[in-house]
Amino acid sequence: MTTRRRLLFGILYATTFGLFPGSLLAQETADKIFLGGPILTMNDAQARAEAVAVKDGRILAVGAEADVLSHKGADTETVDLGGKTMLPGFVDAHGHVFAIGIQALSANLLAPPDGKVTDIPSLQATLNDWAEANPERVKAIGAIVGFGYDDSQLAEQRHPTREDLDAVSTELPVYVIHQSGHIGVANSKALEAVGFNADTKEMPGGVIRREADGEPDGVLEETPHFFALTKLLGNVDAKGSAHIFKEGTKLITSYGYTTAQEGRSMPGQVKLMEAVADRGELDIDVVSYPDVLVARDLIAEKASREYKNRFRVAGAKLTIDGSPQGFTAWRDRPYYDPPAHYRADYAGYAAVKPDETFDAIDWAFKNDIQIITHSNGEAATDQLLAAIKTAEEKYGPADRRPVLIHGQFLREDQIDTVKDLDIFPSLFPMHTFYWGDWHRDRTVGPELADNISPTGSVRRRGMIFSSHHDAPVAFPDSMRILDATVTRRSRSGDIIGPDQRVDVVTALKAMTIWPAYQHFEEGRKGSIEVGKLADFVILSDDPTAIDPETLDTLTVQETIKEGRTVYTRPQ
């Protein structure tokens with residue numbers, strides 16, 4: 001190729017991919033131009049911009065205001081940010097958008113600052129007030145449902161019991177869900193409705209806590225909890241379930257997310273979400289990972305990297321263990337200071353059999369399907385790493401991007417293996433705020449607590465990661481995630497792991513471009529670059545310019561999906 005032809009080819013390439021957005025593409029007229037505030041692109045080659053032009057839902061130009069304004073035509077809408085800050089729309093690294101809808105439509109049992117429940121009497125009062133204020137929801141479900149209580153934040157330092165919830169109602173089922181999402185509590189009527197009594201056998205991968213006479217005390221861990229919740233919600237019809245799903249997308253959109261995740265779906269939920277999408281009722285993209293132990297045929301049929309009407313089945317989900325704050329995560333050593341009813345050697349338990357773990361990973365690798373795996377405790381992660389190593393040796397390396405979800409108690413040697421096996425870590429530093437004190441004092445002790453959700457250790461190895469909310473474990477609060485990833489300050493004000501803190505830009509990448517990579521979507525989302533989708537979030541201030549200790553005071557002002565506003569903060 002001659003020098004002249006190389007030059008012409010270079011100009012053509014630059015024009016096509018927008019390397020000269022202000023000049024060579026001047027003939028392209030924008031639908032909208034955003035300017036008047038800081039624009040953080042998450043693109044290392046052009047970290048900041050003065051303006052962004054959008055056309056047909058995609059980014060037309062990014063750069064200096066004068067250059068971008070060359071795309072302004074008679075019908076171009078100019079949007080003045082008014083000093084507020086624009087970033088790429090947040091990509092949900094791990095959450096449960098369908099269950100977020102249940103959270104949005106049930107009694108809020110969260111502790112401050114997200115709710116008002118501080119003891120069992122306030123929990124009972126909240127349930128009573130909610131039931132009185134929402135008779136139509138109670139009627140639709142046939143039960144009183146509450147979400148988000150946390151025994152570590154209750155004055156009594158215990159779970160509520162069947163008797164505590166009988167004080168709310170003896171005529172209706174009452175069911176409350178622990179903030180971890182892995183434990184629930186039923187009143188007598190709810191236990192009767194799901195068929196749990198003294199004669200009920202224990203379920204593999206879970207516990208029915210019992211009184212001295214063998215009768216359930218109301219507290220259900222893992223498998224029996226999910227069974228009971230599914231059965232109690234069985235009264236909700238398709239219309240009601242669709243409403244729950246849409247409420248979940250509505251709530252997460254208000255926190256700046258333009259892509260949501262349903263991180264463990266069942267076949268019925270997939271069918272329902274597809275139906276909502278096909279009716280054109282989704283404002284944002286939703287990726288779903290059906291349970292690999294339940295829906296393997298469905299996953300094989302539907303898994304795709306392309307959306308249809310803003311929905312896609314992205315891969316498979318495996319769950320190996322439970323919740324660390326609920327003492328159901330499977331550890332490699334005993335818990336530090338568990339509740340009195342546990343034995344001194346109690347280390348949690350697996351939610352699946354070893355053969356199920358190895359078989360699920362083998363199936364995913366064989367069929368080139370991305371698999372994301374919930375693994376909190378060290379023993380669970382040991383099993384996951386062994387299964388992935390076995391499968392990779394069998395099928396050879398490939399760009400499969402298996403994802404470790406949570407990995408909260410990761411050891412340093414496990415992080416090395418995660419890197420060696422090219423596993424993508426989706427971590428949960430928001431835990432440092434909600435349960436950092438609890439982990440320090442009760443689950444792992446002060447020495448190991450500093451290393452929960454080890455974002456710093458991951459970065460020191462040159463690895464990328466994503467930060468998630470796992471809602472409805474908490475609200476899908478993007479600014480709470482940002483604050484916790486940077487400061488790791490607990491409810492009490494303690495810093496849980498100073499060496500695990502990261503800077504603001506790194507924390508923002510873990511909410512934008514890196515989870516886009518996690519989902520195989522880095523080519524169209526996660527940064528403000530020419531050709532990518534015009535997915536944006538507008539914040540009240542520049543997170544890189546304020547005191548990091550005030551990051552949690554930032555607010556989402558607007559969420560924009562493909563150039564169209566899908567959420568505006570009420571004034």
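Student: Over how many bridges do strand 14 and strand 15 pair, and in which sense?

Tutor: Three bridges link strand 14 (residues 285-290) to strand 15, and the sense is parallel. Strands pair when DSSP finds at least two bridges between them. Helices (H or I, at least four residues) and strands (E, at least two) are DSSP runs, numbered from the N terminus. This is a predicted model, where local features need pLDDT of at least 70, side-chain atom pairs count only at pLDDT 80 or more, and totals for chains, interfaces and linings use all residues. Residues are numbered from 1 along each chain as its sequence is written, and side-chain values use heavy atoms, leaving out hydrogens and water.

Student: Which residue of strand 15 stands opposite Ser288?

Tutor: Look for Val313, which faces Ser288 from strand 15.

Student: What is the strand order in the sheet?

Tutor: The open sheet has four strands in the order 6-13-14-15, with parallel pairing. Strand 6 (90-91) and strand 15 (311-313) are the edge strands, each pairing on one side only.

Student: What is the volume of the largest pocket, and which residues are closest to its centre?

Tutor: A pocket is an open set of points on a 1 Å grid where a 1.4 Å probe fits, with protein on both sides within 12 Å along at least five of seven lines; lining residues have an atom within 4 Å of a point. Volume is the space filled by probe spheres set on the points. The largest pocket has about 1,400 Å³. It is lined by 48 residues, and Phe226, Thr230, Arg264, Met266 and Gln269 are the closest to its centre.

Student: Which element supplies the largest share of that lining?

Tutor: Helix 8 does, with six residues. Elements supplying at least two include helix 8 (223-232), helix 9 (238-253) and strand 16 (316-319), as well as helix 3, strand 13 and helix 10.

Student: And what lines the second largest pocket?

Tutor: This pocket holds about 270 Å³ of space. Among its 15 lining residues, Leu105, Ala140, Ile141, Gly240 and Ile244 are closest to the centre. Helix 3, helix 5 (135-141) and helix 9 each give two or more residues, and helix 5 has the largest share, four residues.
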